[in-house]
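This briefing looks at one protein structure together with its ligand. Please keep the sequence and the model at hand while reading.

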Amino acid sequence: MSNTQAMQPQQPDHTALAPDVRVVSREQFGQARVLVVGDVMLDRYWFGDVNRISPEAPVPVVHVQRQEDRLGGAANVARNAAALGAQAGLLCVVGHDEPGERIVALLGESHVHAHLERDPALPTTIKLRVLSRQQQLLRVDFENTPAHEALLAGLARFDALLPTHDVILMSDYAKGGLTHVTQMISKARAAGKAVLVDPKGDDWERYRGASVITPNRAELREVVGNWKSEEDLLARVTKLRTDLQIDALLLTRSEEGMTLFSGDGVLHTPTVAREVYDVSGAGDTVIATLSVALGAGLSLQEGVALANRAAGIVVGKLGTATVDYDELFQ
Ligand SMILES: Nc1ncnc2c1ncn2[C@@H]1O[C@H](COP(=O)(O)OP(=O)(O)OP(=O)(O)O)[C@@H](O)[C@H]1O
Ligand SMILES: [Mg+2]
(Lines give C-alpha, C1' and ligand atoms only; values in the text may rest on other atoms or scores of the structure.)
(Ligands and ions follow the chains in the order given, each with its own letter.)
Protein backbone atom coordinates (compact mmCIF):
# COMPACT_ATOMS: atom_id res chain seq x y z
CA MET A 1 0.00 0.00 0.00
CA SER A 2 1.88 3.06 -1.12
CA ASN A 3 0.71 6.47 -0.09
CA THR A 4 2.69 9.32 -1.55
CA GLN A 5 0.27 11.99 -0.32
CA ALA A 6 1.42 11.17 3.17
CA MET A 7 4.76 12.72 2.24
CA GLN A 8 3.34 16.21 2.87
CA PRO A 9 2.00 15.95 6.37
CA GLN A 10 -0.20 18.72 7.68
CA GLN A 11 1.00 19.54 11.13
CA PRO A 12 -1.38 20.91 13.66
CA ASP A 13 -0.19 24.02 15.41
CA HIS A 14 0.94 23.10 18.89
CA THR A 15 2.64 24.52 21.87
CA ALA A 16 5.54 22.13 22.36
CA LEU A 17 7.64 19.78 20.29
CA ALA A 18 8.87 16.44 21.52
CA PRO A 19 12.34 16.22 23.01
CA ASP A 20 15.08 14.57 20.99
CA VAL A 21 15.36 10.85 21.18
CA ARG A 22 17.47 9.73 24.13
CA VAL A 23 19.68 6.77 23.38
CA VAL A 24 19.01 3.92 25.76
CA SER A 25 21.36 0.97 26.14
CA ARG A 26 20.37 -2.45 24.89
CA GLU A 27 20.66 -3.72 28.47
CA GLN A 28 18.22 -1.11 29.71
CA PHE A 29 15.69 -2.13 27.07
CA GLY A 30 16.31 -5.77 27.97
CA GLN A 31 15.24 -5.06 31.51
CA ALA A 32 11.78 -3.86 30.50
CA ARG A 33 9.18 -6.50 31.30
CA VAL A 34 6.00 -5.91 29.34
CA LEU A 35 2.87 -8.03 29.66
CA VAL A 36 0.51 -7.76 26.69
CA VAL A 37 -3.09 -8.80 27.35
CA GLY A 38 -5.74 -8.88 24.69
CA ASP A 39 -7.12 -10.34 21.51
CA VAL A 40 -4.70 -12.46 19.55
CA MET A 41 -5.16 -13.38 15.90
CA LEU A 42 -3.45 -15.08 13.03
CA ASP A 43 -3.14 -13.37 9.66
CA ARG A 44 -2.97 -16.09 7.02
CA TYR A 45 -2.33 -15.62 3.31
CA TRP A 46 -2.97 -18.22 0.61
CA PHE A 47 -1.29 -17.52 -2.69
CA GLY A 48 -2.22 -19.38 -5.88
CA ASP A 49 -3.06 -19.29 -9.57
CA VAL A 50 -6.46 -18.96 -11.15
CA ASN A 51 -6.88 -20.83 -14.45
CA ARG A 52 -10.59 -21.50 -14.57
CA ILE A 53 -14.03 -20.65 -13.33
CA SER A 54 -15.74 -23.15 -11.07
CA PRO A 55 -18.40 -25.38 -12.68
CA GLU A 56 -20.35 -25.09 -9.42
CA ALA A 57 -20.77 -21.33 -9.28
CA PRO A 58 -19.46 -18.30 -11.21
CA VAL A 59 -16.37 -17.95 -9.05
CA PRO A 60 -12.64 -18.40 -9.77
CA VAL A 61 -10.92 -21.61 -8.69
CA VAL A 62 -7.64 -20.87 -6.88
CA HIS A 63 -4.97 -23.55 -6.92
CA VAL A 64 -3.16 -22.74 -3.65
CA GLN A 65 0.62 -22.97 -3.91
CA ARG A 66 1.89 -21.16 -0.85
CA GLN A 67 0.76 -20.23 2.65
CA GLU A 68 2.11 -17.44 4.81
CA ASP A 69 1.20 -16.82 8.45
CA ARG A 70 1.78 -13.72 10.55
CA LEU A 71 0.98 -12.85 14.13
CA GLY A 72 -1.82 -10.31 14.41
CA GLY A 73 -3.58 -8.24 17.05
CA ALA A 74 -2.14 -8.51 20.55
CA ALA A 75 0.40 -11.07 19.28
CA ASN A 76 1.81 -8.52 16.84
CA VAL A 77 2.07 -5.99 19.66
CA ALA A 78 3.98 -8.49 21.81
CA ARG A 79 6.22 -9.35 18.88
CA ASN A 80 7.04 -5.66 18.49
CA ALA A 81 8.01 -5.37 22.15
CA ALA A 82 10.23 -8.46 21.89
CA ALA A 83 11.86 -7.18 18.68
CA LEU A 84 13.10 -4.16 20.63
CA GLY A 85 14.81 -6.52 23.06
CA ALA A 86 12.32 -6.28 25.90
CA GLN A 87 11.03 -9.25 27.90
CA ALA A 88 7.58 -9.62 26.41
CA GLY A 89 4.80 -11.82 27.73
CA LEU A 90 1.42 -12.38 26.13
CA LEU A 91 -1.75 -13.41 27.96
CA CYS A 92 -4.71 -14.34 25.79
CA VAL A 93 -7.22 -17.06 24.89
CA VAL A 94 -6.83 -19.33 21.88
CA GLY A 95 -8.68 -22.43 20.70
CA HIS A 96 -7.48 -25.99 20.60
CA ASP A 97 -6.83 -26.01 16.89
CA GLU A 98 -4.21 -25.73 14.19
CA PRO A 99 -4.20 -21.89 14.02
CA GLY A 100 -3.73 -21.87 17.81
CA GLU A 101 -0.68 -24.13 17.44
CA ARG A 102 0.65 -21.90 14.69
CA ILE A 103 0.38 -18.89 16.98
CA VAL A 104 2.30 -20.77 19.68
CA ALA A 105 5.08 -21.60 17.21
CA LEU A 106 5.32 -18.06 15.83
CA LEU A 107 5.39 -16.56 19.33
CA GLY A 108 8.29 -18.88 20.13
CA GLU A 109 10.19 -17.74 17.03
CA SER A 110 9.55 -14.13 18.07
CA HIS A 111 10.83 -14.71 21.63
CA VAL A 112 7.51 -13.87 23.22
CA HIS A 113 6.61 -15.72 26.43
CA ALA A 114 3.19 -17.18 25.72
CA HIS A 115 0.69 -17.46 28.56
CA LEU A 116 -2.24 -18.92 26.68
CA GLU A 117 -5.58 -20.03 28.01
CA ARG A 118 -7.14 -22.76 25.88
CA ASP A 119 -10.83 -22.76 25.14
CA PRO A 120 -11.61 -26.03 23.35
CA ALA A 121 -14.88 -24.66 21.93
CA LEU A 122 -13.27 -21.50 20.55
CA PRO A 123 -12.08 -21.20 16.97
CA THR A 124 -8.77 -19.30 17.26
CA THR A 125 -9.26 -15.94 15.55
CA ILE A 126 -7.87 -16.18 12.04
CA LYS A 127 -8.16 -13.89 9.05
CA LEU A 128 -7.51 -15.83 5.89
CA ARG A 129 -6.84 -13.96 2.66
CA VAL A 130 -6.89 -15.71 -0.68
CA LEU A 131 -4.67 -13.97 -3.22
CA SER A 132 -3.82 -14.49 -6.84
CA ARG A 133 -1.39 -12.26 -8.76
CA GLN A 134 -1.22 -9.75 -5.87
CA GLN A 135 -5.01 -9.44 -5.97
CA GLN A 136 -7.01 -10.27 -2.87
CA LEU A 137 -9.97 -12.37 -3.98
CA LEU A 138 -11.55 -13.16 -0.64
CA ARG A 139 -11.10 -12.83 3.10
CA VAL A 140 -12.47 -15.46 5.42
CA ASP A 141 -12.71 -14.76 9.16
CA PHE A 142 -13.07 -17.28 11.97
CA GLU A 143 -13.68 -15.85 15.42
CA ASN A 144 -15.91 -16.10 18.43
CA THR A 145 -16.10 -14.81 22.00
CA PRO A 146 -14.03 -16.90 24.45
CA ALA A 147 -15.93 -18.89 27.06
CA HIS A 148 -16.47 -17.49 30.52
CA GLU A 149 -14.27 -20.15 32.13
CA ALA A 150 -11.27 -19.37 29.94
CA LEU A 151 -11.61 -15.64 30.64
CA LEU A 152 -11.78 -16.25 34.39
CA ALA A 153 -8.74 -18.50 34.23
CA GLY A 154 -7.02 -15.67 32.34
CA LEU A 155 -7.90 -13.25 35.11
CA ALA A 156 -6.36 -15.57 37.72
CA ARG A 157 -3.26 -15.94 35.55
CA PHE A 158 -3.10 -12.14 35.26
CA ASP A 159 -2.86 -11.87 39.06
CA ALA A 160 0.00 -14.34 39.07
CA LEU A 161 1.88 -12.56 36.25
CA LEU A 162 1.49 -9.04 37.62
CA PRO A 163 4.40 -9.08 40.12
CA THR A 164 6.94 -10.04 37.45
CA HIS A 165 6.04 -7.32 34.94
CA ASP A 166 6.64 -3.56 34.94
CA VAL A 167 4.19 -2.44 32.30
CA ILE A 168 0.81 -3.86 31.33
CA LEU A 169 -0.38 -3.34 27.77
CA MET A 170 -4.03 -3.92 26.86
CA SER A 171 -4.48 -4.59 23.15
CA ASP A 172 -8.21 -4.50 22.45
CA TYR A 173 -9.52 -5.77 19.15
CA ALA A 174 -13.07 -6.24 20.48
CA LYS A 175 -13.01 -10.04 20.29
CA GLY A 176 -13.90 -10.51 23.96
CA GLY A 177 -10.43 -11.31 25.31
CA LEU A 178 -10.54 -8.17 27.46
CA THR A 179 -13.89 -8.81 29.12
CA HIS A 180 -12.26 -8.23 32.53
CA VAL A 181 -10.14 -5.26 31.50
CA THR A 182 -11.52 -2.85 34.14
CA GLN A 183 -10.63 -5.22 36.95
CA MET A 184 -7.19 -5.89 35.46
CA ILE A 185 -6.47 -2.16 35.20
CA SER A 186 -7.38 -1.47 38.81
CA LYS A 187 -5.32 -4.43 40.04
CA ALA A 188 -2.30 -3.33 38.01
CA ARG A 189 -2.55 0.28 39.14
CA ALA A 190 -2.95 -0.80 42.76
CA ALA A 191 0.30 -2.75 42.30
CA GLY A 192 2.00 0.39 40.99
CA LYS A 193 2.30 -0.73 37.36
CA ALA A 194 1.79 1.48 34.33
CA VAL A 195 -1.15 0.39 32.16
CA LEU A 196 -1.33 1.31 28.48
CA VAL A 197 -4.48 0.69 26.46
CA ASP A 198 -5.02 0.49 22.70
CA PRO A 199 -8.81 0.96 22.73
CA LYS A 200 -11.64 -0.27 20.56
CA GLY A 201 -15.32 0.67 20.50
CA ASP A 202 -17.28 3.49 22.09
CA ASP A 203 -17.35 2.30 25.71
CA TRP A 204 -14.20 3.62 27.35
CA GLU A 205 -15.67 3.42 30.84
CA ARG A 206 -14.11 -0.03 30.85
CA TYR A 207 -10.63 1.54 30.59
CA ARG A 208 -11.16 3.69 33.69
CA GLY A 209 -7.96 4.36 35.61
CA ALA A 210 -5.51 3.47 32.82
CA SER A 211 -2.19 5.33 32.69
CA VAL A 212 -2.10 5.95 28.93
CA ILE A 213 -4.63 5.34 26.17
CA THR A 214 -3.51 5.39 22.52
CA PRO A 215 -6.46 5.83 20.11
CA ASN A 216 -6.16 6.76 16.46
CA ARG A 217 -8.29 9.60 15.09
CA ALA A 218 -11.34 7.47 14.21
CA GLU A 219 -11.27 5.69 17.57
CA LEU A 220 -11.17 8.98 19.48
CA ARG A 221 -13.89 10.51 17.30
CA GLU A 222 -16.18 7.62 18.17
CA VAL A 223 -15.95 8.59 21.81
CA VAL A 224 -15.67 12.40 21.92
CA GLY A 225 -17.29 13.31 18.57
CA ASN A 226 -15.87 15.56 15.85
CA TRP A 227 -13.59 18.32 17.03
CA LYS A 228 -13.60 21.67 15.28
CA SER A 229 -10.14 22.92 16.22
CA GLU A 230 -7.11 21.94 18.24
CA GLU A 231 -8.50 23.93 21.21
CA ASP A 232 -11.78 22.05 20.94
CA LEU A 233 -9.87 18.76 20.78
CA LEU A 234 -7.92 19.68 23.92
CA ALA A 235 -11.13 20.53 25.77
CA ARG A 236 -12.77 17.24 24.78
CA VAL A 237 -9.72 15.15 25.65
CA THR A 238 -9.24 16.91 28.99
CA LYS A 239 -12.84 16.21 29.96
CA LEU A 240 -12.48 12.57 28.93
CA ARG A 241 -9.24 12.13 30.87
CA THR A 242 -10.77 13.72 33.95
CA ASP A 243 -13.99 11.70 33.77
CA LEU A 244 -12.19 8.39 33.31
CA GLN A 245 -9.14 9.20 35.46
CA ILE A 246 -6.76 8.46 32.64
CA ASP A 247 -3.36 10.11 33.10
CA ALA A 248 -2.48 10.62 29.45
CA LEU A 249 -3.90 10.20 25.97
CA LEU A 250 -1.66 9.69 22.97
CA LEU A 251 -3.60 10.43 19.79
CA THR A 252 -1.99 8.81 16.76
CA ARG A 253 -2.83 10.88 13.70
CA SER A 254 -1.40 8.90 10.78
CA GLU A 255 0.37 11.36 8.43
CA GLU A 256 -0.04 14.14 11.02
CA GLY A 257 2.11 12.28 13.56
CA MET A 258 0.97 12.05 17.17
CA THR A 259 -0.16 14.29 20.02
CA LEU A 260 0.24 13.58 23.71
CA PHE A 261 -2.27 15.07 26.15
CA SER A 262 -1.23 14.82 29.77
CA GLY A 263 -1.10 16.75 33.00
CA ASP A 264 2.04 18.41 31.59
CA GLY A 265 0.09 19.90 28.67
CA VAL A 266 0.05 19.14 24.97
CA LEU A 267 3.04 17.74 23.10
CA HIS A 268 2.87 17.33 19.35
CA THR A 269 5.31 15.16 17.42
CA PRO A 270 5.26 15.31 13.62
CA THR A 271 5.87 12.06 11.77
CA VAL A 272 9.44 11.32 10.78
CA ALA A 273 8.40 8.84 8.07
CA ARG A 274 10.32 9.44 4.86
CA GLU A 275 8.75 6.69 2.80
CA VAL A 276 5.33 5.20 3.44
CA TYR A 277 4.66 1.72 2.09
CA ASP A 278 2.48 -0.08 4.59
CA VAL A 279 0.78 1.69 7.47
CA SER A 280 -1.09 -1.30 8.85
CA GLY A 281 0.21 -2.25 12.27
CA ALA A 282 1.85 1.14 12.90
CA GLY A 283 -0.42 1.63 15.91
CA ASP A 284 0.81 -1.70 17.32
CA THR A 285 4.41 -0.53 16.98
CA VAL A 286 3.59 2.76 18.71
CA ILE A 287 2.08 1.26 21.86
CA ALA A 288 4.69 -1.51 22.04
CA THR A 289 7.58 0.96 21.80
CA LEU A 290 6.04 3.33 24.33
CA SER A 291 5.51 0.45 26.76
CA VAL A 292 9.08 -0.79 26.40
CA ALA A 293 10.39 2.75 26.94
CA LEU A 294 8.35 3.18 30.12
CA GLY A 295 9.45 -0.26 31.30
CA ALA A 296 13.06 0.81 30.72
CA GLY A 297 12.54 3.80 32.98
CA LEU A 298 12.11 6.57 30.41
CA SER A 299 9.64 9.41 30.85
CA LEU A 300 6.38 9.50 28.96
CA GLN A 301 7.71 12.30 26.75
CA GLU A 302 10.89 10.39 25.95
CA GLY A 303 8.82 7.30 25.26
CA VAL A 304 6.62 9.17 22.80
CA ALA A 305 9.69 10.44 20.95
CA LEU A 306 10.90 6.85 20.58
CA ALA A 307 7.45 5.54 19.62
CA ASN A 308 7.20 8.19 16.94
CA ARG A 309 10.57 7.23 15.57
CA ALA A 310 9.62 3.54 15.55
CA ALA A 311 6.37 4.33 13.73
CA GLY A 312 8.25 6.37 11.14
CA ILE A 313 10.47 3.36 10.45
CA VAL A 314 7.77 0.68 10.41
CA VAL A 315 5.53 2.44 7.87
CA GLY A 316 8.47 2.33 5.47
CA LYS A 317 8.60 -1.46 5.59
CA LEU A 318 6.67 -3.93 3.49
CA GLY A 319 5.59 -7.13 5.15
CA THR A 320 7.47 -7.26 8.44
CA ALA A 321 5.91 -4.93 10.93
CA THR A 322 8.53 -4.65 13.66
CA VAL A 323 11.46 -2.37 14.46
CA ASP A 324 14.49 -3.73 16.29
CA TYR A 325 16.86 -2.06 18.72
CA ASP A 326 19.54 -1.26 16.12
CA GLU A 327 17.07 0.29 13.69
CA LEU A 328 15.60 2.46 16.41
CA PHE A 329 18.91 3.91 17.55
CA GLN A 330 21.04 3.82 14.43
N1 LIG B 1 0.54 7.85 6.19
C2 LIG B 1 1.44 8.04 7.17
N3 LIG B 1 2.47 8.90 6.98
C4 LIG B 1 3.38 9.09 7.95
N5 LIG B 1 3.37 8.49 9.15
C6 LIG B 1 2.36 7.64 9.39
C7 LIG B 1 1.36 7.35 8.42
N8 LIG B 1 0.49 6.45 8.94
C9 LIG B 1 0.96 6.19 10.18
N10 LIG B 1 2.07 6.89 10.47
C11 LIG B 1 2.83 6.85 11.73
O12 LIG B 1 2.33 5.76 12.52
C13 LIG B 1 1.65 6.24 13.69
C14 LIG B 1 0.42 5.39 13.97
O15 LIG B 1 -0.40 5.41 12.85
P16 LIG B 1 -2.00 5.52 12.95
O17 LIG B 1 -2.39 6.78 13.63
O18 LIG B 1 -2.52 5.31 11.57
O19 LIG B 1 -2.34 4.29 13.91
P20 LIG B 1 -3.46 3.15 13.80
O21 LIG B 1 -4.61 3.64 13.00
O22 LIG B 1 -3.72 2.66 15.16
O23 LIG B 1 -2.71 2.03 13.00
P24 LIG B 1 -3.08 0.48 12.92
O25 LIG B 1 -4.36 0.29 13.68
O26 LIG B 1 -3.19 0.19 11.45
O27 LIG B 1 -1.94 -0.23 13.53
C28 LIG B 1 1.37 7.70 13.41
O29 LIG B 1 1.28 8.43 14.62
C30 LIG B 1 2.57 8.10 12.55
O31 LIG B 1 3.71 8.33 13.36
MG1 LIG C 1 -4.66 0.85 15.93
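Across which strands does helix α2 lie, and at about what angle does the helix run to β4? In this predicted model, helix α2, formed by residues 74-83, lies across β3 (40-53) and β4, and its direction makes an angle of about 55 degrees with β4.

**The sheet**

- Four strands form an open sheet in the order β4-β3-β7-β8, and the pairing within this sheet is mixed.
- At the edges stand β4 (60-73) and β8 (135-142), each of which pairs on one side only, while neighbouring strands are turned against each other by 20 degrees on average, direction ignored.
- Strand β7, which spans residues 126-132, is joined to β8 by 7 bridges in the antiparallel sense, and L128 stands opposite V140 in β8.

**The surroundings of ligand 1**

- There are 21 residues around ligand 1, and those that come nearest are N216, T252, S254, T271 and G283.
- A polar side-chain atom of N216 lies 2.8 Å from an oxygen atom of ligand 1, and for T252 a polar side-chain atom is likewise found 2.8 Å from an oxygen atom of the ligand.
- With G283 it is a polar backbone atom that lies 2.8 Å from an oxygen atom of ligand 1.
- Of the 620 Å² of accessible area that ligand 1 has on its own, the protein covers 88%.

**Make-up of the shell**

- Helices α8 (282-295) and α9 (300-314) each contribute at least two residues to the shell around ligand 1, and α8 gives the most, with 4 residues.

Methods:
Residues are numbered from 1 along each chain as its sequence is written. Chains are lettered from A and ligands numbered from 1 in the order in which they are written. This is a predicted model: local features need pLDDT of at least 70, side-chain atom pairs count only at pLDDT 80 or more; totals for chains, interfaces and linings use all residues. Side-chain values use heavy atoms; hydrogens and water are left out. Two strands pair if DSSP finds at least two bridges between them. Axes are lines fitted to C-alpha atoms, for helices over the stretch in contact, and angles run from 0 to 180 degrees between N-to-C directions. Contact means heavy atoms within 4.5 Å. A residue is near a molecule or strand if one of its heavy atoms lies within 4 Å of it. A polar contact is a pair of N or O atoms within 3.5 Å; within protein, one must be able to donate a hydrogen and the other to accept it, and residues adjacent in sequence count only if both atoms are side-chain atoms. Accessible areas come from the Shrake-Rupley method with a 1.4 Å probe; for residues, only the protein chains shown count as cover.
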